Each structure stands twice: as C-alpha cells, then as structure tokens.
Amino acid sequence: MNPLLRSIFSAQFGYAVFRVMTPLLFPALGVAVSHLAGTINIAMEGTMLICAFVGVMVSAATGSLLIALAAGMAAGVAMGAVLGYFHLRLKADIILAAIALNMFAAGSTIFFLFILAGDKGISSGLKSLVFPQVNIPLIRSIPVLGTILSGHNVLTYGAGLAVLLFYLLIFKTPLGLRIRAVGQNPDAAQSVGINVVRTRMQALMLSGFFGSLGGLYLSMGYVSWFARDMTAGRGWIAIAASTLGGHMPLGTFLASLLFGAVNALAIYLASLQIPSEFIQMIPYVATVIALTVYSAQALRKKTRKLKAGETLP
Amino acid sequence: MEKFILRYFNLIRTIIAILIGVIVSVFLIFLISREPGFSLRSFLLGPFLSRSRFSNMVETASPIIFCGLAIAVAFQAKQFNIGAEGSLYLGAAVGTAFAVSTRMPAVFHIPLTLLVAAAAGAAWGFIPGILKARWKASELVSSLMLNYVAYYGGLYLINFHFRDKGAGYLVSHQLPQSAWLQQFLSGTRLHWGIVLAIVFALLVYYFLYHTTTGYEIRMTGQNEHFARFGGINVLRIVVLSQVILGLLAGFGGMTEVMGIHRRFNWQMSPGYGWDGIVVAIIGRNHPLLIIAASFFLAYLRVGGQVLNLMSDVPWEMVTVIQSLIILLITAEAFLSQWRYRITVRQAERAGGGA
Amino acid sequence: MDAILELKNILMIYENGVVANRDVSVAVERNTIHAIVGENGAGKTTLMKILFGMIQAQEGEIVYKGQKVQIRSPHEAIAMGIGMVHQHLMLAPDLTVAENMVLGVEPRRGRVFLDNRRAEEITREVSERYGLSVSPERRIRELPIGVRQRVEILKALFRNAELLILDEPTSVLTPQETEVLFKTLADLKAHGKTIIFISHKLKEVKAIADRVTVMRDAKVITTREARELKEHEIAYLMVGREISYERLPASPQVGEAVLSARGLSFINEESVPVLKDVSFDLRSGEVLAIAGVEGNGQTELVRILTGLLEPSAGSVTLRGVETTGRPPREIRELGLCHIPQDRMDDGVAEATSLEENFIVDRYFKKGFSRRGRLDWKAIGEHSRGLIADFSILAQSSRTPVRALSGGNIQKVVVARELSSDPEVIIAAHPTRGIDVGSEEMVHNLLRRARDRGKAVFLTSADLDEILKLASRILVIYGGELVAHFEEVSHLKAEDLGPYMLGVQRQEGVSGKVHP
C-alpha cells in the first residue's frame, strides 16, 4: 500500500487533481448560476461538446486563439439562449429540453466534424491551437506547492478566477441579486418590477458561458483535439458537484475538487490494477446523501407541530 | 374537422414534429451529400431493403421498448426518474453474475435470471423513490447520481469477479447456453427478447389502464392533490412507480444480454436508458405508442447506419434529427396559437360565451 | 376635502364573466387612514389590484393627485408613489432585509457592482426615519412575520410611496404585533402618508381608521367618517341585505353525535396559530354550519376533519373511532365524504374523463374492480348513471372534466361524494362559482341527506346559504369559535355579522364543547 499512498500524497498527484478538476468546475458553476435563478441547466454536457468543437474548428480556421476563445464563449451563451427560448417562451420542460440539446450537441458535433474535417472520430488532422501552460515565476520555486500550483494551463487558473467571478456576480452585482430573488420568489421579484423571464434568460446565458470554458479547456488544453463524446459525462458530474456544493461558490469549488481528486485517483489506481470503481462511486454517493440531507432540512423547517405540553403563543 | 383536430391535438402535434424532423433530414441530406437521391433512398428505405437490416431494426427496438416502458410508468406518476440506464446496467450485471454462477435447465434458468436482473433493477429504482417519498429529495438528481453508482458497481462486479480471463478484452464469462434467449430466424439475430418486449408493452398497457394500481399511478400524475384527496396513498405510488421503472429496465437489459451478446460486454453504458426517455416523450408515456416510437427510433438509427455505410452522410444526422423532434414535442407552446384559434372559433360557433 | 385619490365609476368584469366592481367610486383624503371593508368577493381586493396596476378595469377613471392617470403595471404604480403590502408577503426568503429593500433599484458602485454597504445604509436610514426598526443584515426567513411585514412597508416607503395600500395586514399577526403595526400606521400618517387599509376585522378598523368605505356585492355601499359609524352599523352594512329569507324546514330528527372535534389547534408554517382550541359535536340529521370570513381557520379545520392535514393539537372522533392522524382513505371508509372548497385543485383531475373522476374513492371496491382489474363496463354504467341522476351536462362519460362548465364540474364532485352513501358530509363552499340551477340542486341534495339522518358540516362564505341550510351555526373568527346559535330560524345576516367581524363574542363558546 505504501507506494500507493506515497503517490497519492505526492505533488504530482496534487497537480493532476487541479488539471482534472478544471473541466468539472466550469460547468458546475454554470449549473449553479442557473439553479439559483430557478431554471436548472442540465445541458452542460452538450454545451461543453459544442464549445469544444467550435474552439478547435475556429482556431484551426483562423489561427487565432483569441478568436477561438470568443467563438467558443459565444457558442456557450447561444446554447443557454436556445434552452431559455424553448423553456421560457415555448414552455418546454427544462429537463427534457436540456436532454434534447445534449443529444443534439452529441450528434451535430460529429456531423459537422465529418463535413468540415472529413473525420468521424477525432480532429487530430486539423491544426487547432492550444491554450498555453503558465509557469508562475515565484511560486514554482516553492518545494511542494510549486509543483502543484504552477505550470497549469491558463484556463485552469481561469477556473479559479471563475469561482471568484461567480462569487462577485452572484453576491456583488445587481444582476446576481435579481437572479437569486427570481429563484427564491419570482412573484416578489415581479412585484418590484423585475422581468422574471428576462432575468432567467440571462442566468441561462451565463450558465452557458461558464460551461463554454469547460468545453474549450477540454479540446484546447487538456488535450489538443476534439474527439467524439469527449466530455465523457463531465456535464452530468457538474450537476452533482453543484448540488453537493449547495450551488454556492466555495461549496461548488470544493465539490469539484472532490470529484477531480477521485477521478485522478481512479486513473492512478487503474494503472496499478486496483479496483477503482468504489473510489469513483464515492462522490456520487456523497451527492445523494447531501441531497437527502438538504431536502430533509428544508422539509423540517416547513412542518411545525406543538410538542406535548406546549401552549399556543 | 376542427373538432377532430382538437381531440387529437397532441397526437397531431407529435406527428407534425416528426414530419418536420424528416423534412429537415431531407434538407440536410440534399445539402451535404454528393448523391442526394441515393442517400435519401438509403436513409428512408434502407432499413426495409434487406432482411438483416430489417431485423436489425427490430433488434434495436427491443431494449428501447423496455426502457421506454420503464420511463413511461414513472413519468405517468409525474416522477422524473431518469435512472433507467443505471437499473438496466446493474440489473444486467447482477443477472449475468447469477446466470454464470448457476447451472440448471433452461426452463428454470431463463426466468430466474430475468427475475434476478429485474429484482436488482427494482431495488435500484427503490432508492430514489423512497428518498423522494420520505424527504422530498429530487428523484431527478438522485437517479442521475445512482446511474453512475450502478455503472461503477456493475463494472466492478463483472470485471473483478466474473471476468473471462481468456477472452482478451474485458468481458464476463459467456452465459451458459441454458440462459440464452434463442434466436429464431437464421440470418438475423432476432431473439425471443423482442417478443418479450412486445408482450411487456401490452402488459404495461393493461397495467396502466385496466388495473387499480395503474389507475392510482395515472391519477397521481394527473393531479397529486386530487389523488390524495380521493384516498390514494400517493407516497406509496411515488415509490412503486420508480420500483417498476427499475424492474422493467433491469429486465430489458438482461434480455439484451441473453439474446444478443450472451456475455456482459458493456464496458461503456449502452445508452438504452436515454433512448427510453426519447421514446417515452415521443410516445407520450403510452405503452402502445411507445412500441411505435421505439420502432421509429430504431428505424432512424438503422437508416442512419445504412446512410453512413452507403453514402457520405454521417449517421449522427439521426441524433440531430431526433433531438429536434423531441424539442418540438416538449415545447408545449409549439402550435398552441393554432389550437387557441381553433378553440375560440369552436366556442364562437357554439353560441358564444360560457 | 383634499383627495389624493379618486376612483370614479370603476367597472371590472373578469374573463369568466364575474362582475367584481360595479360603478365603484371612492375618494381617499390625503393624509388619512382609509379602511375598505367588505366580505370576500365584495370587490375590495379587485379594486386594489386595479389601483396597483395589476389588472385593468373596463371602465372608469383614476384621478391621482388631481391628475387623471392610467396605471398599467405595478411598476407604474410604484413610480407614481403608490405602494402595496400584499397579504402574502413579497419577499425573497434567503436574501437579507437590505437586499430585499433595494431589489429592482439596487444602488451601484461604479456601474457594475452592487453597493451592499449603501443598501444597508439606506435600510437603516428609512428604518430610522419612520421609526420602524429592522436589522439590515438578517435573512428574511429568520425573521418573525411581524418584522417581515415591517420590511414590506419599508420597501414601499423607500420607493417613495405616498399612498400605501395594506391588504389584510393583520391576518398573519399576533395581537401584540398588530398593536405595533397600528402604532406604525399612526406614525406614518404623522409623516404625511395616506394609507388604505383593507380588512374585515371591524374592531381594528374602528381603532385606527379615519374613514371607512363599505363594499358589498361589487358595489360601494357608503363611505363615511369612521367615528360616525358604530361597529354594529358597519357590520350591518357589510352583510345586511335584502336576501331571500328562504329557510329549510326543520330537520325531522336529530340524533347523536357522529363526529366530535376536541381542542383542535393548528400552527402554520409561519408559526401563526390558525386554529385555536376548536371543539364541537356534529350530530346525525343536522346541518352544522360554520360562518366566518374566509381565512379565519375554516380551511384548515376542514382539512383536519378530512385527514388531509394533521393538527398541532387536539383530536377528531368519527363514529367512535379516532381519526386524527389517519390517512384520508381510512376516514372515507368510516363514512365521511368531502366536497372540497377548491374543486379544481382537489376535487377533480381536470385532464381526465368524468368516469375516471367518479371512481377515485371507490375504484378498489367490489363492483368497480375485481382482484385489481378495473371493470370499465361497470364504471361506464356507473358514470352514466351519475350523469343522469345529477343532470350533468357533458358530451359523454369519457369527456375530460375540464371541458365542462364550472357548475357541471361541481356537480361531478357532488355526485361522486354524495353517491358514496356517507354518514358524514363535509361540504366546503359547495356552491361557489356555480349557476343558480346547480346551486338549487346541491342544496336539495344536502337537505335530502340531512332528512335521511346524515350529518352535514358546512362551511361557506355565503351567508344566504348558511342561513338557508343550517340547523345550528357556529361562528369562527381568528381561529376561534366565537358564537354558537342553536336556534336559527329567526336569525338574520346582520345577527351573524358582528361575530364574523370580531365586533362581538359570546362568552364561554371558545374551547367548550357543544351538545
């Protein structure tokens, strides 16, 4: 067991955790912002796929990282807008519409990959760009921490910034306040003149934005190509992470960290022929437990009975 | 005419959505293919043009029917449990473990294996159900999470306890012949599981529309307050509907293993649970319509495969089309203006005013 | 008179044809507390909704501060200086007081950021200015209702409301909180504000109002100085009318108690005691009616009796069996049926057919199913029988319920409930929103049941109905029984009014049991 423990507590493992966590944290933040507005966006899987694809395609076509970044972000926002349109205007159930969008993304990305690049599985034939790794000058010299924290892809640092951005947005801007109000009591928001539909649409577009960065990271950082189904369920894990984290910035970050750690651990264990399945189950079981606890708490607040001997106020 | 439209409005809306999907597919084919006519023929007619393709369509429909039925029962009770995938996977894994470890004549082996798989699936559906009934925990999130737990659990079970080491890739031991569902048409892989799928669709139809429990499920979904008011034990229905979901999905997964693969070889989750959601939506949670929807979906899939094989259009187009169809179907407001105008005209004709 | 607001000849007809305001004219003097009183359905809430821009009247004018105005949305109303404190508070529970205060008009720091500190400052400023103390940083869900209401008032004041509308503000407050509210309102008046106060609690109205407008049946009866009117007079104006003096002949025989309630109390989610120590007996062969303005505990009482709600304290006994805490089905099986006050929410599943609606309480019984298998043929016959017996106008027994008119839907409910051959019938607003013919039929059915020795428990907002059908009348106010009338043949609406409106109480009624 010793070599295993040593490798788990090594700096390389720490580095791997942050690397793996990046494409989980972005969509988790996306789920969180949509949940706070009362319209949960479970189309992160599809959003990330589309943005991963768009990033690769645009960077190969234009040779510009920035344009690809912008295009990817726009695609994410568009996905959120489409979901918003179908749910808010056409009254589609938000869960079913999101499932349909996920399907759409899975199909259309391969479809267009084939049309535009002639390949059905992977875009490695294309010269797509990659976001750069960043070595932070002072930090990287620190013995253990340096290995863990320095040398990541710029988008990994971006994910950390995204948590901050999320926090600022939700708690320090008027839009964030309105999003939270709309999610807690849409009637109250409406009574002070807030357009509930528009606020929800904005929340969905923001969630698409966060998700887009996860997708861009996958195809332009984690690896440097687009491949079929490359999101591999991360969009669904994002829902778990957001739920486990109570849809709050710090909680979502820690939950994503947990999922990331478990994923990284699973990769290590697999190479050592140790069953990783139980480890991989842990975050999901934890989410179910957390969900149950949150729900039970909410329920207890609602029911209030007189205890024996208590008199009426 | 207009009265007819109003009565069957939802059905008509579904058909229109499908038509739009087909039209879009035609459009895409013309846009992309160098031989659009040939491609179109391959897509639309391909599944009918050969025995193996046609039977392929039927085989594909089989597990989808089971999952569609599973989802439909839960959705009819307004329980948004999307855990058919997990129940299917775990059920099939546990069933395989049982089949591979036991020896008995087929007349016992087949039903018992199916029973074990169904029971495992049912137990899996129970968890989100009880969490919802007891603590109002969202069955959507819990069933989604449990899909993963089921996947890892099933994978562990097979890969570490029932793995066929001689096989070269990660699969279970082969099922003993006594646990096979026989294929009955040479040249095809049609197996009795497909017959079971149709039979179960009829059974579920009967269950939902001709039994007291089915009535309870439907009324709970229609109006939970009304159901409770009338005396129905709504909490029991919340749990039961999800247990049935798991049962049907587990059973269906096992028929697929016993009829086609004869081994548990799903290293990735096969996705029938998601297809089940698609056909439940298209079929509006009605078992008989789900049969049609499942064949339709299978038709699209196989058509797409033929298209892919014979022409330059990738089969993913089918996924795109099917997602478009679902989006249109779930958009309640889709065509609602039309229905509203007809309703108003009818009311006016009836003499104006209530 | 310096009228800050004049509503002139308001006509409001809802989509379903109900006339909610008929030629309503009210002038509200500046810097007064103006109460608008009336029973449910009198039209006062509708009038306020029009004033606050939530709905638009068909005819009539609004003159505000001397200018004719159109109020098309709450946004516009707020901009004009009209603020409303709704009965169900419009607050986001997980946000703080300060956050709720500035919602929609958030102070900014540098265009992008929310200035939280300024929001708290503003809250403190407004709070101090009007002498209403609140803690800006507390979350709404942690605060008692009285404080939450204070936040709502401050919200309106912050948005420069000069005219403040409060819709039944004391319905959720304890007596102590009510006193605090009244002091607040008096202070606001001293600050130059004008207040419109909707209520049916006449003692309170007399305590703080300067002027009173009495509404009844969508019309204004009168507007007078409050000191000119005695509570009894207001009560009379609210409920007294030329009504049919129709009364049922006395019940042939009244028997023993079949349903007994003892000490029923209920505290709701907001920790407000909605029922306080209610006890009574219901005897076979009688109609026991509960009179009261809606929102005084009748709804909760009915739900407790029928098993849909568990009381915080107390017990219910039905035919000798304790039913508190038992599920609805068991209670029904003991011989109770329930005509619910909200037929669309509880009484029917509107998208399903008549025949499926008819069997919800009996589908598992012999005759409708055998060993779990539904007998659709029998169910269809049963359904057609009910349709014929109760003269329900429907295309067929397969028609979805929502295709029927309101009156016919109620007939479906009544048909189902009464055909279960119950011993006890709980009827909550059984004729609400239905046509006269259907109403007659329902009354006849209840009378027949009574004459055959069944027990009927009736709650209704319609005094005509209560006086017509009741053998005995209990009056409920603020969750307590405040009057009991054993002899009802000579009673008139204005006899009940004072009790219903909190003006009067019989001693020794609350908490005691009645034979």
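User: What makes up the contact between chain A and chain C?

Analyst: In this predicted model, chain A gives 21 residues and chain C gives 26 residues. A pair is in contact if the C-beta atoms, placed from the backbone, lie within 7 Å.

User: Which elements give two or more residues to the side of chain A that touches chain C?

Analyst: They are α8 (174–184) and α9 (186–191) of chain A. The largest share comes from α8(A), with five residues.

User: How does that side of chain A divide by class?

Analyst: There are 10 nonpolar, five polar and six charged residues on it.

User: Why is Lys65(C) called partly exposed?

Analyst: Lys65(C) has 15 other C-beta atoms within 10 Å. Buried needs 20 or more, and exposed needs 12 or fewer. The count of 15 falls in between, so Lys65(C) is partly exposed.

User: Where is Lys65(C) placed, and what marks its phi?

Analyst: Lys65(C) sits in the loop between β4 (59–64) and β5 (67–69) of chain C. Its phi is positive, about 50 degrees, although the residue is not a glycine. Most residues other than glycine have a negative phi.

User: Why does Arg111(C) count as exposed?

Analyst: Arg111(C) has 6 C-beta neighbours inside 10 Å. The cut-off for exposed is 12 or fewer. The count of 6 meets that cut-off, so Arg111(C) is exposed.

User: What is the phi of Arg111(C), and which loop holds this residue?

Analyst: Phi of Arg111(C) is near 70 degrees, a positive value in a residue other than glycine. Arg111(C) belongs to the loop between β7 (108–109) and β8 (113–114) of chain C.

Methods:
Residues are numbered from 1 along each chain as its sequence is written. Chains are lettered from A and ligands numbered from 1 in the order in which they are written. This is a predicted model: local features need pLDDT of at least 70, side-chain atom pairs count only at pLDDT 80 or more; totals for chains, interfaces and linings use all residues. Two residues are in contact if their C-beta atoms, placed from the backbone, lie within 7 Å. Helices (H or I, at least four residues) and strands (E, at least two) are DSSP runs, numbered from the N terminus. Ala, Val, Leu, Ile, Met, Phe, Trp, Tyr, Cys and Pro count as nonpolar, Asp, Glu, Lys and Arg as charged, and the others, Gly among them, as polar.
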